[in-house]
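Please look through the sequence and the model below. The paragraphs after them go from one residue to the wider fold.

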Amino acid sequence: MTDGVVQSCCPTVAGSSGNAQSCCAPAIQQAASEVLSAVDFPNTQRPHISLNVRNVQRSVPFYRVLFDQNPTKLRSDYAKFEPVDPPINFTLNEHEDAVDRDGHFGIEVKDAEAVGRYLKRFKVAGLKVDTTETQVACCYSIQDKAWVVDPDGNHWEIFVVTDNEAAEGCGLSCICYDPSTGGCNWKAKP
């Protein structure tokens with residue numbers, strides 16, 4: 001945005017009428033204070049994660065269980081979930097060449113009972129719980145957690161921090177610990 005003018009995020013297309021209201025439309029002359037979200041959500045902000053998957057239709061059932069809701073938007077190559085708790089704009093985008101990642105995603109909860117509720121939901125849905133960890137040193141804190149893996153191999157942890165300080169970031173008991181690096185390495189995990 002420059003001087004109250006919303007800039008187009010796409011290159012100008014020769015011969016376009018300029019009337020389209022999309023990303024590729026010409027810049028709209030409008031004060032920034034007049035530009036409001038077309039999407040209603042209860043918070044003033046929320047994180048957005050856009051995840052590339054090999055097959056949206058295969059991935060949707062996993063994320064239905066994870067977020068405990070149906071997608072708010074579903075297309076053949078796209079799905080959007082907008083849970084309020086946790087508040088997130090989470091989208092799946094189909095790309096047949098989506099590659100494995102070295103890392104993970106997580107949902108932090110307030111107590112161990114919430115971790116248990118997720119575990120129950122996963123089991124009822126027939127999802128394989130990769131592992132559970134109790135009082136494990138991770139991210140320089142002590143945590144109880146459960147791990148599940150989506151159809152594309154993305155690891156998700158549901159966790160509660162039981163002690164906010166720990167001497168190590170990724171210790172021997174951590175699921176992603178790799179002795180060859182002395183730290184977290186998801187690609188080394190079988």
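**Lys80 and its surroundings**

Apart from neighbours within four places in sequence, Lys80 is in contact with Val39, Pro71, Thr72, Lys73, Asn89, Phe90 and Thr91, where contact means heavy atoms within 4.5 Å. This is a predicted model, in which local features need pLDDT of at least 70 and side-chain atom pairs count only at pLDDT 80 or more, while totals for chains, interfaces and linings use all residues. Residues are numbered from 1 along each chain as its sequence is written, and side-chain values use heavy atoms, with hydrogens and water left out.

Lys80 belongs to strand 5 (residues 78–81); strands (E, at least two residues) and helices (H or I, at least four) are DSSP runs, numbered from the N terminus. With a relative accessible area of 11%, Lys80 is buried, a term that stands for under 20% relative accessible area, with a 1.4 Å probe and protein chains only. The side chains of Lys80 and Glu82 are joined by a polar contact of 3.5 Å.

Phe90 is one of the residues that Lys80 touches. Leaving aside neighbours within four places in sequence, the contacts of Phe90 include His48, Tyr63, Phe67, Lys80 and Trp156. Which residues touch the most other members of the largest nonpolar core? They are Tyr63, Leu66, Phe67, Phe90, Leu92 and Trp156, in a core of 28 residues. Such a core is a set of buried Ala, Val, Leu, Ile, Met, Phe, Trp, Tyr and Cys residues joined through side-chain atoms within 4.5 Å. Helix 1 gives the largest share of this core, 7 residues. A second, separate core has 6 residues, among them Val136, Trp147, Ile175 and Cys176.

An open sheet of 4 strands has the order 7-10-9-8, with mixed pairing; two strands pair if DSSP finds at least two bridges between them. Strand 7 (104–108) and strand 8 (129–138) are at the edges with a single partner strand each, so one side of each has no neighbour in the sheet. Strand 7 and strand 10 (residues 155–163) run parallel and are joined by 5 bridges. Phe105 has Trp156 in strand 10 as its bridge partner.

Finally, confidence. The chain averages a pLDDT of 78, and 72% of the residues score at least 70; pLDDT is the predictor's confidence in each residue, from 0 to 100. Over residues 1–24 the pLDDT is below 50. Where pLDDT is low, the predicted coordinates should not be read in detail.

Notes
Buried means under 20% relative accessible area, exposed over 50%, partly exposed in between (1.4 Å probe, protein chains only). A polar contact is a pair of N or O atoms within 3.5 Å; within protein, one must be able to donate a hydrogen and the other to accept it, and residues adjacent in sequence count only if both atoms are side-chain atoms.
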